[in-house]
Amino acid sequence: MDQIISSLEQFWQFTGFANVAWQNLVMIAIGIGFITVAIIKEWEPLLLVPIGFGMIIGNIPMFPGLNIGIYENGSVLNTLYQGVKMGWYPPLIFLGIGAMTDFSALISQPRLILIGAAAQMGIFGAYLLAMHVGFLPNEAGAIGIIGGADGPTAIFLSSKLAPDLMGAIAVSAYSYMALVPVIQRPIMLALTNKKERLIKMPTPRQVSPKEKMIFPIVGFLTTAFIVPSGLPLLGMLFFGNLLKESGVTRRLAETARGPLIDVVTTLIGLTVGASTQADKFLTGKSLLIFGLGLLSFVIATTCGVLFVKGINVFIKNPAKKINPLIGNAGVSAVPDSARVSEVVGREFDKNNHLLMHAMGPNVAGVIGSAVAAGILLSFLG
Amino acid sequence: MMKKRILIISLLACLCGLGAKAQNVSDLIISEALAVPDSTGILDDYGARNGWIEILNTSQGTVTIGGCFLTDDKSNLKKSLIPKSDSRTQILPRQVMLFYASGNGAQGTFYTDFKVQKGSTVYLVSNDGRTIIDSLLVPANLPDGMSVAKFPVDAKQIKHATSAEPCVPTPRILNDSVDSKTKAQQMAEKDPHGFILTIVSVSVVFLSLAILWFLFTSLFKDKSKQTKKEAAPKKKASSKDAPMDDATALAIALALEMEQGGDDIAAIAMALHLHLTQSVHDAESFVVTFQQGNSSAWRNKQLNFRQLPR
């Protein structure tokens with residue numbers, strides 16, 4: 001009988017109930033919150049559901065040394081986490097993004113490409129702020145990339161510059177990407193007047209398949225020669241796009257933008273979520289990162305909108321003016337931020353469709369954030 | 001056709017060859033050598049003070065030095081073999097490995113069959129026993145307890161040059177790493193507030209995208225005019241009054257019938273409307289078709305059966 005009681009007591013020590021801490025419960029509640037928001041509000045469900053469930057998995061209290069935790073060498077979760085830690089997943093996601101992105105909006109109106117550059121100010125604004133509050137330059141760079149509004153890029157860069165902060169940075173980036181409509185709309189309205197919101201932009205010209213085929217090669221050569229450190233992201237992005245546009249690699253393109261990106265998204269979301277173990281995540285630094293992340297989105301949106309307003313000053317022909325409501329789309333949250341431009345634009349004129357125009361700076365933002373990540377990596381990596 | 005294939009295969013073979021060369025023994029250099037130790041010199045595993053030779057892997061990949069040779073005699077390049085079977089002979093990227101010049105290679109993997117003499121040259125020889133990978137001249141006037149070392153001379157830290165002056169020995173330590181700091185630490189000192197990095201980075205981002213803008217504007221300038229010209233007659237032909245082509249009408253009808261969701265029908269209708277009336281849709285790379293079923297050689301079992309000859 002004593003042996004049975006002793007065995008039960010021993011077993012009790014291995015259960016979650018015996019090892020639970022309030023921090024674990026907080027993180028599990030946050031995970032459930034993510035899943036709830038994703039299901040009810042449908043905010044980035046493909047990311048928030050895996051991340052939310054990953055948070056629950058990562059915060060199940062357990063007895064250490066059973067070789068099952070994400071930070072225990074050789075465990076299943078640890079093996080899957082290597083894709084995040086070593087930076088394999090983000091380039092694979094970029095391959096899929098390239099294979100599903102239509103750059104014709106950008107090719108047809110190349111002038112909109114600079115909006116994608118202006119919105120990257122969010123990255124560097126957050127970098128300056130992070131330096132100001134006492135983060136080291138490498139940590140500040142990793143935090144700043146949240147302003148690129150690009151989850152894979154944020155994971156890629158933080159895994160290289162500040163692996164300890166990666167969980168907080170990744171969750172912050174994806175959370176704010178899900179909140180793009182909530183964050184960007186009031187800024188866009190505050191910075192524009194009614195006249196500006198009603199600007200109708202000329203219909204984009206038709207883009208030929210040949211132009212679309214040339215784009216990834218020229219785009220890659222240009223950006224990669226300037227910032228070779230962005231090679232994993234830029235290479236995969238433009239390679240994926242070439243698969244799509246070449247017309248002769250349809251099966252590869254379909255795999256890249258379908259099953260491959262689905263698998264990698266599932267794994268990256270789950271493992272990033274699971275990496276947010278309470279003892280590593282619930283710290284003052286994480287709160288600061290969340291605050292700086294929010295500010296970076298605000299700065300990015302503000303700079304994008306103001307940049308368009310600035311350009312309009314120099315455009316004399318009223319028919320060629322740019323609607324500042326597409327300025328927010330310079331961040332690379334594709335296509336959410338472009339969708340915000342469309343929705344806000346139609347609030348003031350139901351016939352003013354801005355989606356096609358906003359996709360130009362939106363995809364330029366993807367390139368811009370990858371370039372910015374490359375620059376930060378070369379300076380701080 | 002055959003020529004083309006041979007050309008492609010040759011090209012791939014060349015590329016593979018280049019890739020293989022990037023992380024092989026040719027990336028190793030003799031980074032430092034000491035001929036005569038003084039009383040502060042390091043002790044080997046037997047408690048003796050010997051001269052030593054330090055090898056640096058300059059590449060970013062792991063290199064196995066096992067099978068290579070060390071020698072101080074150009075007429076006998078195979079003088080001291082580095083054992084091939086020892087897994088400890090792997091040199092990690094940008095790391096060094098030390099060999100004691102005890103004069104008795106039988107003492108272990110990291111011992112050579114010769115002693116480093118002042119005025120001699122030490123050679124690192126490839127595993128083919130013929131190719132000299134690197135050499136280092138030990139000056140005849142090198143003071144006891146001092147070493148001769150090579151230091152990086154380029155930003156990539158691949159090219160190295162021998163120091164003119166005798167050096168304080170740094171065995172098992174990178175010659176340029178005594179005071180080295182991480183890039184982030186250097187940046188924290190140079191740019192404590194982050195303004196310089198911000199200005200440079202923003203400029204580079206703008207420059208990159210401005211170049212793209214310039215390239216696309218100039219590359220695709222004529223194309224846009226051409227496409228506009230092409231689009232013009234199409235618009236006329238597909239005005240509202242023009243009768244719809246039978247095949248197009250059939251395609252629309254079939255597509256709408258097969259699709260169940262209202263969103264899909266609306267999207268298809270809108271796309272066709274824009275394409276036929278306003279020509280705003282792109283010229284797509286593929287022909288869009290609506291197919292029933294999803295059979296392929298992978299799914300259909302009958303296609304996987306072996307076709308027996310009759």
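Before I turn to the sheet, let me say that two strands pair if DSSP finds at least two bridges between them, and that strands (E, at least two residues) and helices (H or I, at least four residues) are DSSP runs numbered from the N terminus. What we have here is a predicted model, in which local features need pLDDT of at least 70, side-chain atom pairs count only at pLDDT 80 or more, and totals for chains, interfaces and linings use all residues. Residues are numbered from 1 along each chain as its sequence is written, while chains are lettered from A and ligands numbered from 1 in the order in which they are written.

Let me start with chain B, where five strands form an open, antiparallel sheet in the order β7-β2-β1-β10-β11. Its edge strands, each pairing on one side only, are β7 (96–101) and β11 (160–162) of chain B. On average, and with direction ignored, neighbouring strands of this sheet are turned by 25 degrees against each other, the axes being lines fitted to C-alpha atoms, with angles that run from 0 to 180 degrees between N-to-C directions.

Which strand of chain B has seven of its seven residues buried? That is β1(B), residues 28–34, and it is therefore largely enclosed by the rest of the structure; buried stands for 20 or more other C-beta atoms within 10 Å of a residue's own, exposed for 12 or fewer, and partly exposed for what lies in between, with C-beta atoms placed from the backbone.

Six bridges join β1(B) to β2(B), residues 51–57, in the antiparallel sense, and here B:Leu34 stands opposite B:Trp52. β1(B) also pairs with β10(B), again antiparallel, over three bridges, and in β10(B) the bridge partner of B:Leu34 is B:Ser147. Strand β10(B), residues 147–152, is in turn joined to β11(B) by three bridges, with B:Phe151 opposite B:Ala161.

Now to the interface, where 36 residues of chain B are in contact with 46 residues of chain A, contact being C-beta atoms, placed from the backbone, that lie within 7 Å. The elements giving two or more residues to chain B's side are α2 (183–190), α3 (195–219) and α4 (221–237) of chain B, and α3(B) gives the most, with 18 residues.

Finally, in chain A, A:Gly291 sits in helix α19, residues 284–314. A:Gly291 is partly exposed because 15 other C-beta atoms lie within 10 Å, and its C-alpha atom is separated by 12 Å from that of A:Ser175, 116 residues apart along the chain.

Notes. Two residues are in contact if their C-beta atoms, placed from the backbone, lie within 7 Å.
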